[in-house]
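These are my notebook entries on a single model. I record what I looked up, in the order in which I looked.

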Amino acid sequence: MTEAPVVTAPGPAPAPGPRRGSRWLAVLLVATIAVGAYLWVTTVRWQHNAAQWEDKAHEYAQEVASLRMQLDAAGSELQAARDQLSTATARITDLANEKAQLGDENVASQQYLDYQTQVSAAAGTVASALGQCVSGQEQLVGYLKEADQYQAEDLRRYEREVNALCDEAERANQALQQELRP
């Protein structure tokens, strides 16, 4: 006789254990914390970098404002020096003409010649000094227009040199004006 094969009926599948689900949740929690920490560190770094850039931008804005004020001042000084040169030249011409009309022909001619020589020499010195002042200020204005290519201390030093040159020219002009007064 043949025996019939014994077939066993499948039973219910074993339920997943609490350990498998807990592990999955623990891994997910650790990954979430790691991503959160990474994002927090990145955010802090970006905030720090942004604050540094903002500070630099404020510094540069202040420097630009200062240089623009210097440029405006140098432009005003340049115009004043040009006006002084014009005034001095006109005054020299007027005074030379007035002095030429004085006195006896021979004495006046000799005095005129001596005076003209002195005035010409003094006027040449004043005109040269004022011309150097104007040239220096024009060059300074050019430097200030491109201030980002130069060191700020070099610009200030050059400005002081030009101002000293212009002050000297102004003193020479005033001395000449005093000499030319009748």
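**Entry 1: asparagine 173.** I began with the contacts of asparagine 173, where contact means heavy atoms within 4.5 Å. Leaving aside its neighbours within four places in sequence, I find asparagine 173 in contact with Gln84, Ala88 and Val126. Asparagine 173 sits in helix α3. I took helices (H or I, at least four residues) and strands (E, at least two) as DSSP runs, numbered from the N terminus. Asparagine 173 has a relative accessible area of 7% and is therefore buried. For this term I used under 20% relative accessible area as buried, over 50% as exposed, and partly exposed in between, with a 1.4 Å probe and protein chains only.

**Entry 2: basis of the values.** The model is predicted, so I note that local features need pLDDT of at least 70 and that side-chain atom pairs count only at pLDDT 80 or more, whereas totals for chains, interfaces and linings use all residues. Residues are numbered from 1 along each chain as its sequence is written, and side-chain values use heavy atoms, with hydrogens and water left out.

**Entry 3: the chain as a whole.** I counted three helices and zero strands in the chain. Along the sequence, the pattern reads α-α-α. Of the 182 residues in the chain, 19% are buried. Among contacts with a separation of 6 or more, 74% join residues 24 or more positions apart. The accessible surface of the chain is about 13900 Å², and carbon and sulfur atoms hold 58% of that surface. Accessible areas come from the Shrake-Rupley method with a 1.4 Å probe; for residues, only the protein chains shown count as cover.

**Entry 4: helix α3.** The 29 residues of α3 reach 41 Å from first C-alpha to last, close to the 42 Å expected at 1.5 Å a residue. Which residues of α3 are buried? I list Leu155, Tyr158, Glu159, Val162, Cys166, Ala169, Glu170, Asn173, Leu176, Gln177 and Leu180. As background, an α-helix has 3.6 residues a turn, so residues three or four places apart point the same way.

**Entry 5: two further positions in α3.** Leucine 180 is in helix α3 and is buried, with a relative accessible area of 0%. Not counting residues up to four places away in sequence, leucine 180 touches Arg91, Ile92, Leu95, Tyr115 and Val119. The C-alpha atoms of leucine 180 and tyrosine 115 are separated by 9.8 Å, although the two residues are 65 residues apart along the chain. Alanine 152 is also found in helix α3, but is partly exposed, at a relative accessible area of 22%.

**Entry 6: the disulfide.** I searched the whole structure for disulfides, meaning pairs of cysteine sulfur atoms within 2.5 Å. How many did the search find? It returned one disulfide. The bond joins cysteine 133 and cysteine 166, with the sulfur atoms 1.8 Å apart. The torsion about the S-S bond is about 100°, so the disulfide is right-handed. Because cysteine 133 lies in helix α2 (residues 105-145) and cysteine 166 in helix α3 (residues 152-180), the pair ties together parts that are 33 residues apart in sequence. Both cysteine 133 and cysteine 166 are buried.

**Entry 7: nonpolar cores.** I defined a nonpolar core as a set of buried Ala, Val, Leu, Ile, Met, Phe, Trp, Tyr and Cys residues joined through side-chain atoms within 4.5 Å. The largest such core has 14 residues, and Leu67, Ala74, Leu140, Leu144 and Leu155 have the most contacts inside it. Each of α1, α2 and α3 supplies at least two residues of this core, and α2 gives the largest share, five residues. A second, separate core has 11 residues, including Leu95, Val126, Ala129 and Leu130.

**Entry 8: glutamine 70.** Glutamine 70 lies in helix α1 (residues 18-100). Its relative accessible area is 14%, so glutamine 70 is buried. Beyond residues up to four places away in sequence, glutamine 70 touches Leu144, Arg156 and Glu159.

Notes:
Expected span 1.5 Å × (residues − 1).
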